[in-house]
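Hi,

Here is the structure I promised to pass on. Have a look at it first, and my notes follow below.

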Amino acid sequence: VTGKDIIGQYVGQTSSKTAKVLENALDGLLFIDEAYTIMGQQGTNVNYSQDAMSTITKYMTDYEGRLTIIFAGYKKEMNEFVELNPGLISRIGETVEFDDYNEEELLEIFKQEVQKAEFIIEQDAENKVLDIIKENKNSKNFGNARFILNVFKKTLMQHAKRSINTNDINELKKITIEDIPEIKMPKEKKIGF
């Protein structure tokens, strides 16, 4: 789930909405992606956030052993999130940090997408993808695997534009350097978690 699956739209709805999500997760696992979104925008939904967090921490205590919750998100935002409710940090048993994919792994993800789509990538196109990864990896909003999947989607769009008048099946199956988009993101890397 995400924050929108937990936070209500009007006063009094959040506790019951959160409880319903937690009830459905009993004897299983609840994965809250980008858990810090429960906090909402700074200065907004404070009561909603507090209602959600109070309900979550109560379930974590009352149903210990029957409920596993994974709070996932970026490190900086997650640190702010656990400070939202003083009782939360004492209920979290383990913190696991995952490193971002390295450049070669991101290139491999791109190549796997090319293969799944039944295309063949030329070497100079592959080299350009690696250059894009290197150039953008330390950018402020670098999305790791999401970034490379977006590069792939943009590549397919450029490929479609380039090959619109091509009848040669072999050419239609090729990803060339012309298909790889120019991508330049602002610097100042986000902190991953």
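Let's start with helix 5: Ala125, Glu126, Lys128, Val129, Leu130, Ile132, Ile133 and Asn136 are buried there (under 20% relative accessible area, with a 1.4 Å probe and protein chains only). Helices here are DSSP runs of H or I with at least four residues, and strands are E runs of at least two, numbered from the N terminus.

Before I go on: this is a predicted model, where local features need pLDDT of at least 70 and side-chain atom pairs count only at 80 or more, while totals for chains, interfaces and linings use all residues. Residues are numbered from 1 along each chain as its sequence is written, and side-chain values use heavy atoms, leaving out hydrogens and water.

Those buried residues of helix 5 pack against helix 4, strand 3 (120-121), helix 6 and strand 4 (174-175), contact being heavy atoms within 4.5 Å.

Now the pair of helix 5 and helix 6: they pack at an angle of about 140°, axes 11 Å apart. Axes are lines fitted to C-alpha atoms over the stretch in contact, and angles run from 0 to 180 degrees between N-to-C directions. On the helix 5 side, Val129, Ile132, Ile133 and Asn136 meet Phe147, Ile148 and Val151 of helix 6.

Helix 4 (residues 103-116) also packs on helix 6 (residues 145-162), at about 40° with axes 9 Å apart, so this pair is oblique too.

Cheers

Definitions and conventions:
Parallel < 35°, antiparallel > 145°, perpendicular 65-115°, else oblique. Buried < 20%, exposed > 50% of the residue type's maximum accessible area, 1.4 Å probe, protein only.
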